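Keep the structure open beside the text.

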Amino acid sequence: MLAKLSFLLLFICIACVLFIAFTEKDLRPKENVISAQATVGTNGRSFSSIRLIIEPFCNATLLAWIVTSYAGDPSVRSALRRAYTNEELQALGIRRVFLLGTLDDNAERKSRVSQNALLDESRRFDDILQGDFLDTYKNLTHKHLMGLRWAVNNCKHLQYIMKMDDDIVVNMYGILDKLHDTVHKDSLIGYALKNMIPVRETANKWYVSRAEYSGSIYPDFVSGWMYIVHSKAARRLTNYAESSNKYFWIDDVFVTGILRQALNIKIQDIGELYTTDYRYLECCIKGRKNSLKCEFLVGPNGGDVELQVKFQEFAKFCHTNCSVRTKTNFVSKTCVVAYKEPSLQAGAVQIDTVNIL
């Protein structure tokens, strides 16, 4: 009888333990489930433990402009420096830095860019932020968060951070006009992407395994081409990234999707200000002769680094000398192109060459 009673008590205890375990699992906060879909970072390194090889000073009073750039391609950095000089940016209260990783021996041979060359570039322009990790696609998230963390920790009077890829063309004057009326403290602003699904084809450059991301759909996020975030929201993102120790290599999905959703930071969609075809920007430039502004503020360079310089010259002239286009005269309506829409999910510029009609 005693043996039967002991067995019954043991069975009841086991049942209670299982019930509590399953109940806690069901009651777990949704944001923790979402963030858990991203795996731990490369080699288990936390973002705060990454050593900075080159770290510039920050004197931004308005906006920190962080630009992801491949260390082995200085031509795009050169174009951005010529389009928006450090002197002009300083007068506007803007501090621009280029986010780089390191090159291994093979990458140095292919690009003909050595670490000594990067150190010399830093001495000349004082706008390089370099982390001690390889400059690869899989480390884009390290690069992205390195830039955000540098900005919130080093720019004392900072209000906003603008993250951009170096092959993206931007009308900075138009962006500044939109800034104060659009960006709120608990939101980020950019080209919103919704209902995007992970690429599961192993041959695809952007293939994501279920071990890397187990979900069937990404949270809403903004394109890494260019977005703006208030400094307070950026600090929340970096703090959460470090404390959660999660990692997902597609940086815009991770930072502006997974982390943003976990913190309930809102998205303000300004997708109408973006074009995914660089030829619309070329049509905008042609509108200068008729003193017409462009409805687009952001777009790809299409492989032409000089488009950055030409578009800046147009934007600066038209900021005070051109009139706003009417809807019937939008570039998107008057510059006709036959073209297939590229995917922005990975922030990749993929444009096929098609002649303008």
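**From surface to sheet**

The accessible surface of the protein chain comes to about 17,600 Å², by the Shrake-Rupley method with a 1.4 Å probe. Carbon and sulfur atoms own 54% of that surface. This is a predicted model: local features need pLDDT of at least 70, side-chain atom pairs count only at pLDDT 80 or more, and totals for chains, interfaces and linings use all residues. Numbering starts from 1 along each chain as its sequence is written, and side-chain values use heavy atoms, with hydrogens and water left out.

Of the 357 residues in the protein chain, 52% are buried, meaning under 20% relative accessible area (1.4 Å probe, protein chains only). Take contacts (heavy atoms within 4.5 Å). Among those with a separation of 6 or more, 81% join residues 24 or more positions apart.

The chain has 13 helices and 10 strands. These are DSSP runs, numbered from the N terminus: helices are H or I with at least four residues, strands E with at least two.

Now the sheet. It is open, has 8 strands and mixed pairing, and runs S1-S4-S3-S2-S5-S8-S7-S9. Strands pair if DSSP finds at least two bridges between them. S1 (52–54) and S9 (266–269) stand at the edges with a single partner strand each, so one side of each lacks a neighbour in the sheet. Inside the order, S2 (63–68) and S3 (94–102) pair in the parallel sense over 6 bridges. Leu-63 has Ile-94 in S3 as its bridge partner.

Finally, a helix. H7 (140–154) has 15 residues, and 13 of them are buried.

Notes. The expected span of a helix is 1.5 Å times one less than its number of residues. Buried means under 20% relative accessible area, exposed over 50%, partly exposed in between (1.4 Å probe, protein chains only).
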